[in-house]
Amino acid sequence: MYLHGDDPTRSTGSPDIVLACVVVPSAAEGLNAPPYGSAFTILCGVTHPTSRGRIAPSGPGRNDAPVIDPHYLETEHDRATFRIALKRARMVGHHAALDEWRDAEILPGAPVQSDHELDAFIAGAASTHHHPAGTCRMGSDTDAVVDPDLRLNGFDNAFVVDASVMPAIPSGPINAAIVAIAETWAASSRD
Ligand SMILES: Cc1cc2nc3c(=O)[nH]c(=O)nc-3n(C[C@H](O)[C@H](O)[C@H](O)COP(=O)(O)OP(=O)(O)OC[C@H]3O[C@@H](n4cnc5c(N)ncnc54)[C@H](O)[C@@H]3O)c2cc1C
């Protein structure tokens, strides 16, 4: 469910939070998750984070692993939006429609209420949604990784055609947008 955190009934504009129901306990390492079969999870997240990660080579060799620093939750925008997403997840989880499926909230747990406590929980619980994008900046300047035709800067016939050229993350899962980028590029390169 992609929603507006301030008004989940609004259907226009770009949604800023996402909720997803998982029929098993799903919790980050280090959290005390209950055993399988004993709980469900309402996952929550931020669709347009403003924190910016960084990826860089760790050395000159082709087998040197990249250094990936996602910089999660660096901005107040992301922390505040995540708090709203968590509150909306709680609203769903505590809704009367789920009464017969729910006993008590296990994580973060009823005592966790203040913004400070919610931030601390989110900092320990947040993880990737598996949609890395935007690591190869497009532009016409010499520092850009690819030009507007997705040609790798400095090469005549090498192109980057994947999520890394996205200037911004779409609201939803990114695979469809990647296919659109690839099909558009393939069609234009045939012309
Ligand atoms: C667990 C998980 C769940 C996901 N669920 C969803 C979902 O439900 N919906 C959705 O829309 N998206 C989902 N995604 C995200 C989506 O799958 C990825 O964002 C998308 O596949 C990325 O596409 P891409 O073309 O940018 O990169 P990739 O699909 O990673 O393609 C890169 C390709 O390059 C190849 N490659 C790498 N290095 C080299 C090299 N040196 N030489 C030649 N080839 C190389 C790789 O083998 C790979 O085939 C999920 C991702 C994960 C990990």
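Which residues are buried in helix 1?

## Helix 1

The model is predicted. In helix 1, the buried residues are Asp 78, Thr 81, Phe 82, Arg 83, Ala 85, Leu 86, Arg 88, Ala 89, Arg 90 and Gly 93. Their cover includes strand 2 (17-22), strand 3 (41-46) and helix 2 (115-125).

Helix 1 runs over residues 76-93, which is 18 residues.

The loop between strand 5 (66-69) and helix 1 contains His 71. Leu 73 is found in the loop between strand 5 and helix 1 as well. His 71 has a positive phi of about 55 degrees, although it is not a glycine. For Leu 73, also not a glycine, phi is positive at about 60 degrees. Most residues other than glycine have a negative phi.

Is His 71 buried or partly exposed? With a relative accessible area of 25%, His 71 is partly exposed. Leu 73 counts as buried because its relative accessibility is 18%, and the cut-off for buried is under 20%.

Pro 108 is found in the loop between helix 1 and helix 2. The peptide bond that joins Leu 107 and Pro 108 is cis, with omega at about -5 degrees. Most peptide bonds are trans.

## Ligand surroundings

The residues that surround the ligand are His 130, His 131, Asp 162, Ala 163, Pro 173, Ile 174, Asn 175 and Ile 178. By class, this shell divides into four nonpolar residues, three polar and one charged.

A polar backbone atom of Ala 163 is 3.0 Å from an oxygen atom of the ligand. For Ile 174, a backbone N or O atom lies 3.4 Å from a ligand oxygen atom. At Asn 175, the distance between a polar backbone atom and an oxygen atom of the ligand is 2.8 Å. The ligand taken alone exposes 1,000 Å², and the protein buries 30% of that.

Conventions:
Residues are numbered from 1 along each chain as its sequence is written. This is a predicted model: local features need pLDDT of at least 70, side-chain atom pairs count only at pLDDT 80 or more; totals for chains, interfaces and linings use all residues. Side-chain values use heavy atoms; hydrogens and water are left out. Helices (H or I, at least four residues) and strands (E, at least two) are DSSP runs, numbered from the N terminus. The expected span of a helix is 1.5 Å times one less than its number of residues. Buried means under 20% relative accessible area, exposed over 50%, partly exposed in between (1.4 Å probe, protein chains only). Contact means heavy atoms within 4.5 Å. A residue is near a molecule or strand if one of its heavy atoms lies within 4 Å of it. A polar contact is a pair of N or O atoms within 3.5 Å; within protein, one must be able to donate a hydrogen and the other to accept it, and residues adjacent in sequence count only if both atoms are side-chain atoms. Accessible areas come from the Shrake-Rupley method with a 1.4 Å probe; for residues, only the protein chains shown count as cover. Ala, Val, Leu, Ile, Met, Phe, Trp, Tyr, Cys and Pro count as nonpolar, Asp, Glu, Lys and Arg as charged, and the others, Gly among them, as polar.
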